[in-house]
Amino acid sequence: MFLTKDVARRRFLEARGARPRAEGLLASAQQVLPDVCRIALYVSRGPEPQTGALIDWLLATHREVLLPILYADNDLGWGVAPGAADLVPGRLGLSEPPIDLGSDAIATADLVICPALAVAHDGVRLGRGGGSYDRALARVRPGTPVWAAVYDTEIVDTLPCDSHDRPVDAALTPNRLIPLRRSADD
């Protein structure tokens, strides 16, 4: 068990930085993706599980992809992915869609795949600490599956959790989809 979120974040970030290469999510997602029309996803950076090929495949299979737009207050808006070449530079070096549909657009998604540094078997998700995704996940329509994108080694028994943390239903890794147990409070 990690004593604090800061310690856990530091350890997972160090381990990611030591990975020989970032791996993509396309192959595993193709095997398990439900028949949905609109998916909220993220544009990966650095050693995160890579989403570029997955976004391209989703668009090629006529699915609509919502991508985040980071606001100055660290909340997230959402825009429809026009294609990787048409993304624009956003805050903190992120790539974003050019048109903002607003922060509530995530409620129109049929599936949400969000970034995480780690997840626990009970659905606790550890993010980077800005609270952007916890706020966004609070707007997800009830019953919509939420998957955290991580590597197999980032699925652990327990993680520190605060009352504002939003749980996830599954962990999507480059190798598989792992259903997670949700706490009885959900």
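# A first look at this predicted model

Welcome: a search of the whole structure finds 11 salt bridges, a salt bridge being a side-chain nitrogen of Lys or Arg within 4 Å of a carboxyl oxygen of Asp or Glu. This is a predicted model, in which local features need pLDDT of at least 70 and side-chain atom pairs count only at pLDDT 80 or more, while totals for chains, interfaces and linings use all residues. Residues are numbered from 1 along each chain as its sequence is written, and side-chain values use heavy atoms, with hydrogens and water left out.

**Salt bridges**

- Asp162 pairs with Lys5, and their closest N and O atoms are 3.0 Å apart.
- This pair links distant parts of the chain, 157 residues apart: Lys5 belongs to helix 1 (residues 5-17), and Asp162 to the loop between strand 10 (155-156) and strand 11. Helices (H or I, at least four residues) and strands (E, at least two) are DSSP runs, numbered from the N terminus.
- Lys5 counts as buried at 14% relative accessibility, whereas Asp162 is partly exposed at 38%. Here buried means under 20% relative accessible area, exposed over 50%, and partly exposed in between (1.4 Å probe, protein chains only).
- Lys5 and Asp162 also belong to a network of salt bridges with Asp165.
- Glu64 and Arg38 meet through their side chains in a salt bridge of 2.5 Å, N to O. Glu64 sits in strand 2 and Arg38 in strand 1, so the pair ties together parts that are 26 residues apart in sequence.
- Arg38 is buried, at 16% relative accessible area, and Glu64 is partly exposed, at 32%.
- Asp75 and Arg139 form a salt bridge of 2.6 Å, N to O. They are 64 residues apart, with Asp75 in the loop between strand 2 and strand 3 and Arg139 in the loop between helix 4 and strand 9.
- Asp75 is buried at 10% relative accessible area, while Arg139 is partly exposed at 22%.

**Nonpolar cores**

- The largest nonpolar core has 44 residues, of which Leu41, Trp78, Val112, Ile113 and Val119 touch the most other members. Such a core is a set of buried Ala, Val, Leu, Ile, Met, Phe, Trp, Tyr and Cys residues joined through side-chain atoms within 4.5 Å.
- Elements that each supply at least two residues of this core include strand 1 (38-40), helix 3 (52-60), strand 2 (64-70), strand 3 (76-80) and strand 6 (111-115).
- Another core, of nine residues, lies apart from it, and among its members are Ala8, Phe12, Leu126 and Leu159.
- Leaving aside residues up to four places away in sequence, Ile113 touches Ile39, Ala40, Leu41, Tyr42, Leu54, Trp147, Ala149 and Leu172. Contact means heavy atoms within 4.5 Å.

**Cysteines**

- The structure holds zero disulfides, a disulfide being a pair of cysteine sulfur atoms within 2.5 Å.
- Cys114 is in no disulfide, and the nearest cysteine sulfur, that of Cys161, is 14 Å away.
- Cys114 is buried at 0% relative accessibility, whereas Cys37 is exposed at 57%.

**Positive phi in loops**

- Most residues other than glycine have a negative phi.
- Asn74 has a positive phi, near 75 degrees. Asn74 lies in the loop between strand 2 and strand 3 and is partly exposed at 26% relative accessibility.
- Leu92, although not a glycine, has a positive phi of about 55 degrees. Leu92 is placed in the loop between strand 4 (88-89) and strand 5 (95-96) and is exposed at 59% relative accessible area.
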